[in-house]
Amino acid sequence: MPMKPTEIENGKEVHIMSTAIQPHPETITLEQYETLPMEKRVEVFDGIIYDMASPSQIHQSLLLELCTLLNSYVKSRKGNCKVFPAPFDVKLSENPLTIVQPDIMIVCDNDKLDENRCNGAPDFIIEIVSPENPSDDYIRKAYYYKNYGVREYWVVDPKRRMVTVNYLEGDLINVAYSFDATIKVNIYDDLLINFSDIAVLLNI
């Protein structure tokens with residue numbers, strides 16, 4: 001029988017409980033990810049699967065309004081950029097596998113796009129905060145988007161009526177705006193989004 005580790009404390013021998021070895025979550029590969037059922041909504045960070053919450057009515061209403069505004073502007077410029085709403089995969093890394101489904105993204109490098117996904121970082125991403133797990137958008141995704149080369153990342157929080165704009169090129173800078181503000185999309189020179197109009201329209 002193995003001996004337990006001990007320490008001497010106040011002249012007495014004290015047994016120390018050994019720390020149990022915690023099992024590591026199983027990681028998956030791209031090939032395994034592609035066998036998942038189509039209706040299963042998940043994201044993968046460093047090979048570990050995380051289930052996604054079903055979107056709320058206000059989430060989908062915001063997504064539709066923002067996507068419509070962005071798509072109308074991008075089409076008017078007649079350039080290479082494209083707007084994609086969720087669900088559409090972004091593979092940030094294959095090893096370890098990291099795949100996300102941003103609520104809205106703009107991709108300006110068409111070489112990153114294939115039939116199934118965007119392979120590499122989009123230029124611009126919006127995530128609309130889920131009340132069940134706000135730290136996912138504010139912390140985890142900000143970390144991955146910064147590290148993998150997203151240029152600009154917005155966190156739209158309908159519960160707090162706030163938009164956090166993260167400038168990810170160079171040093172990380174984030175600026176918080178209320179839903180009363182008109183906010184510039186910084187990857188363009190002249191694209192402004194009036195959140196006051198959206199808030200009135202959606203009664204937020």
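Me: What makes two strands count as paired here?
Reply: Two strands pair if DSSP finds at least two bridges between them. Keep in mind that this is a predicted model.

Me: So how do you know that β10 and β11 pair?
Reply: Five bridges join β10 (residues 124-128) to β11 (residues 152-157), and the cut-off is at least two, so they count as a pair. The two strands run parallel, with Ile125 standing opposite Tyr153 in β11.

Me: Why are β5 and β13 called edge strands?
Reply: The sheet is open, with six strands in the order β5-β8-β10-β11-β12-β13 and mixed pairing. β5 (82-85) and β13 (173-178) each pair on one side only. Neighbouring strands of this sheet are turned by 15° against each other on average, direction ignored.

Me: What makes you say that helix α3 packs on the sheet?
Reply: Contact needs heavy atoms within 4.5 Å, and α3 (residues 134-148) touches β10, β11 and β12 (162-167). Its direction makes about 170° with that of β11. Helix α2 (residues 57-77) lies across β5, β8 (104-107), β10 and β11, at about 170° to β5.

Me: Which residues touch the most other members of the largest nonpolar core?
Reply: Leu70 and Trp154, out of 30 residues. Membership takes a buried residue of a listed type, joined through side-chain atoms within 4.5 Å, and buried means under 20% relative accessible area, so both residues meet those terms. Leaving aside neighbours within four places in sequence, Leu70 is in contact with residues including Val83, Ile104, Phe124 and Leu191.

Me: Which element gives the most to this core?
Reply: That's α2, with seven residues.

Methods: Residues are numbered from 1 along each chain as its sequence is written. This is a predicted model: local features need pLDDT of at least 70, side-chain atom pairs count only at pLDDT 80 or more; totals for chains, interfaces and linings use all residues. Side-chain values use heavy atoms; hydrogens and water are left out. Helices (H or I, at least four residues) and strands (E, at least two) are DSSP runs, numbered from the N terminus. Axes are lines fitted to C-alpha atoms, for helices over the stretch in contact, and angles run from 0 to 180 degrees between N-to-C directions. Buried means under 20% relative accessible area, exposed over 50%, partly exposed in between (1.4 Å probe, protein chains only).
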